[in-house]
Amino acid sequence: MADVRLTVNGAAREGRCESRKLLVDFLREDLGLTGTHVGCEHGICGACTVLVDGEAARSCLMLAVQADGADITTVEGLMRDGRLHPLQEAFREHHGLQCGFCTPGMLLTALDLLRVNPAPSEDEVREGISAVLCRCTGYHGIVKAVRAAAVALAPKPG
Ligand code: FES
Ligand code: FES
């Protein structure tokens, strides 16, 4: 067993788990943050994507003990003061989800993309989100949503 101390969505959290426990299972089972989904469990689908120290990472490919001391953002951390994040609003407005299974991973992947490239072209969005598999939407709504969020998040002139 090992102690794990990390920051999740701005709050200090800790737990004690088997050293072989995956970060995604630690988040879901030990911290109760079930918004991060488990799909393939071997790095293919992207459903488990979270931000680790600001960068998108697959939480099924990391051990919880490897995340010790890290700053993690999960989908639960996107809302502010009871309001959806502009990226979540854009997904809602542009029908960027259907079943929602891929959505947490898609949101955090898109957030990382917009951090690196605040004004991506359609092709760049498609490339950027290609690490996450969606079986429902055909991606059109997702691409529109990410581009709309880029506009919403852009600094306003003046
Ligand atoms: S569950 Fe992690 S990539 Fe599929
Ligand atoms: S919305 Fe169903 S898998 Fe993407």
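Visitor: Why is Thr103 called buried?

Guide: Buried means under 20% relative accessible area, with exposed over 50% and partly exposed in between (1.4 Å probe, protein chains only). Thr103 has a relative accessible area of 9%, so Thr103 counts as buried. Keep in mind that this is a predicted model: local features need pLDDT of at least 70, side-chain atom pairs count only at pLDDT 80 or more, and totals for chains, interfaces and linings use all residues. Residues are numbered from 1 along each chain as its sequence is written, and side-chain values use heavy atoms, leaving out hydrogens and water.

Visitor: Which residues does Thr103 touch, not counting those up to four places away in sequence?

Guide: Phe91 and Leu97; contact means heavy atoms within 4.5 Å. Thr103 itself lies in helix H3, helices being DSSP runs of H or I with at least four residues and strands runs of E with at least two, numbered from the N terminus.

Visitor: What makes a set of residues a nonpolar core?

Guide: They must be buried Ala, Val, Leu, Ile, Met, Phe, Trp, Tyr or Cys, joined through side-chain atoms within 4.5 Å. The largest such core has 24 residues, and Leu87, Phe91, Met106, Ile142 and Val146 touch the most other members. H2 (86-93), H3 (103-116) and H5 (140-153) each supply at least two of its residues, with the largest share, seven, coming from H3.

Visitor: Why do strands E1 and E2 count as paired?

Guide: DSSP must find at least two bridges between two strands. Seven join E1 (residues 2-8) to E2 (residues 11-17), so the antiparallel strands qualify as a pair.

Methods. Chains are lettered from A and ligands numbered from 1 in the order in which they are written.
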